[in-house]
Amino acid sequence: MEPQLQLVVEHLHARYAHALDEDRLEDWPQFFTENGTYRITTAENEERGLPLPVLYAEGRAMLRDRVASLRHANIYEPQRYRHLVSSVLVERTGEHAASSRANFLVVRIMQNGQSLLFASGRYIDRIALAPEPRYEERVVICDSRAFDTLLAIPL
Amino acid sequence: MQREWPAEGVTRVPYWVYQDEDLYKEEQDRIWRGAAWSYLCLEAELPEPQSFVTTFVGDMPVVVTRDAKGALHAWENRCAHRGALVCMQARGKAERFACIYHNWVYDHEGNLVTVAFRRGIAGKGGLPADSKPETQAPKKLRVASLHGLVFGTLSAGAPSLEDYIGPDIVPRIQRVMKKPLKVLGTYTQVLPNNWKLYMDNVKDTYHASLLHLFFTRFRINRLTQKGGVFVSKDGAHHCTYTEMVEDTGDAYEKDGMRSAGSSSSQFQLEAPELLEQVDELGDRVSIQILSLFPGFVLHQIRNSLAARQVVPKGVDRTELHWTLFGFVDDDAAMQRRRILQANLVGPAGYISMEDGAATGFVQRGVAGSADRASVIEMGGSTIGSGDSRVTETAVRGLWQTWRRYMDL
């Protein structure tokens, strides 16, 4: 275990979580490299070797399209997330590259006060460490196959 | 609860239809376990002899199997003995199905083949010689497969599946299900509303381009584009389609619609490849949404293909089981296209995400108004096919069918 690397990766995860929870969606694509990919799937599809994503973006342009659509096209009730990210395991995979596995819980809070354990699962990441730490690939594997009503804000 | 239908008839749907617990139970009897055919699974999910999947017909848990000779069967997932689930797994392969509770064993047709210690041990215990536990055996469904879609019904008197769906809609199924399928994956969207609100939404060709701004802003589907709707003779089933031509008119802009684009700051995708369609079905249709009563939807949205199964879970809760698929002979480019276009549908779908919200809004909105009714008059009061989608003709068909089943 490299303590400095551990801190760098956990810091990236924490900044990512705070950006989403604070509704700074416009910052979200910046957590990825220019061609970074983001994929939400379910443990069931992953175990069956099935490629279907719940959400998939290849590169920052697609990530920005997702944000633009959430801001200007999609209709959903006002809501916020609270991310809890823990049990982060980090491995160095190159001079400027690392991989990470972490657990997450996401609570969804609606404007009427309803708080729901919306999603739990794992982040499986490939991270480019230079020039600054960013996700080359972030795979969000949800434990459950079921999603309540809709998934608007990214996990 | 008052159950009088408004005098206007087919153009009104009273809100108690989404709220009444007794009605929900009656629907289970009259529709789901009645004379309707329900979607069970794709044939592609039962690829080999002795494979099975578990599913639901309304509230009733069901096992669907392919036996050693390749024939399809479906039976209630309930042991004859004490009523426990016989099959716990979502899918798999099995030579026999043993209830975990007391090890009573069933074959692929749902026949009870052995009872553990039926004759007791050393002459003691066991079932009496004249015991007939088979009288409580799992109910067997009639099963039929149409172009790779498997359906079942408990009704001996229901017409054949093809006659049930009818000649207006069957060719529209065949159009999509033209080759052997490959399942790409599944997930469930849990909707906070009565199951009929979802079916009502699917059949509502009028809402699509008004609620789903993504559609309209990118001119994917506007009501000004060429398209139409087919409704089966009895009103039960529908199919709507839009042709591939991009709309260049500005009807939405002229009417100041919320979903309109604006010429000065036209909303454009940075990565429009997400939407690139290959005309794989060869008829220049970009979107086809097809529904069968009571709870099945088949969609083609560009190159995204899926079966959606509606599973009611109480008067104000519904599960939507999505199974997205491609064809066995898809090349890498087509598979990638389908994966990218998966972004259009499902709980996070650019297009589909709002349906759960809108139908939930109705469930909540009508909480205090069992005595009021929906106004369903777009396109008049007729039920039938046509070339306009500014109509609620298919919605009226749903309610005409529902009332026939419910005798209301």
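Helices (H or I, at least four residues) and strands (E, at least two) are DSSP runs, numbered from the N terminus. I keep to that throughout, starting with B:Pro294, in the loop between β15 (285-292) and β16 (296-301) of chain B.

**Ground rules**

I'm working on a predicted model, where local features need pLDDT of at least 70, side-chain atom pairs count only at pLDDT 80 or more, and totals for chains, interfaces and linings use all residues. Residues are numbered from 1 along each chain as its sequence is written, and chains are lettered from A and ligands numbered from 1 in the order in which they are written.

**Cis peptides**

B:Phe293 and B:Pro294 are joined by a cis peptide bond, with omega about 5°. I found another cis bond in chain A, from A:Ala130 to A:Pro131, with omega near 0°. A:Pro131 is a loop residue too, between β5 (115-128) and β6 (134-142) of chain A.

**Positive phi**

I noted the background first: most residues other than glycine have a negative phi, and most peptide bonds are trans. A:Asp23 is not a glycine, yet its phi is positive, about 60°. I place A:Asp23 in the loop between α1 (3-21) and β1 (32-42) of chain A. Buried or exposed? For that I count other C-beta atoms, placed from the backbone, within 10 Å of a residue's own: 20 or more is buried, 12 or fewer is exposed, and in between is partly exposed. A:Asp23 has 13 of them, so I log it as partly exposed.

B:Gln50 also has a positive phi, near 70°. B:Gln50 sits in the loop between β2 (38-42) and β3 (51-57) of chain B. With 16 other C-beta atoms within 10 Å, B:Gln50 is partly exposed.

**B:Gly384**

I looked up B:Gly384 and found it in the loop between β19 (373-375) and α10 (393-406) of chain B. Its 17 C-beta neighbours inside 10 Å make B:Gly384 partly exposed. Which residues does B:Gly384 touch, not counting residues up to four places away in sequence? I get B:Val231 and B:Thr393, where contact means C-beta atoms, placed from the backbone, within 7 Å. B:Gly235 is 149 residues from B:Gly384 in sequence, but their C-alpha atoms are 7.2 Å apart.

**Chain B overall**

I count 10 helices and 19 strands in chain B. Its radius of gyration is 23 Å, close to the 22 Å from the globule rule for 408 residues, so chain B is as compact as a globular protein of that length. (The radius is taken over C-alpha atoms, and the rule is 2.2 Å times the number of residues to the power 0.38.) Along the principal axes, the C-alpha atoms fill a box of roughly 90 × 55 × 35 Å. Of the 408 residues, 47% count as buried. Taking contacts between residues at least 6 apart in sequence, I see 65% joining residues at least 24 apart.

**Where A meets B**

The contact takes 31 residues from chain A and 33 residues from chain B. On the chain B side, β12 (181-191), α6 (213-217), α8 (332-341) and α9 (353-365) each supply at least two residues. β12(B) gives the largest share, nine residues. I also checked strand pairing, which needs at least two DSSP bridges between two strands. Strand β7 (residues 146-148) of chain A pairs with β12(B) in the parallel sense over three bridges. Within β12(B), B:Gln189 is the bridge partner of A:Phe147.

How values were computed
Two residues are in contact if their C-beta atoms, placed from the backbone, lie within 7 Å.
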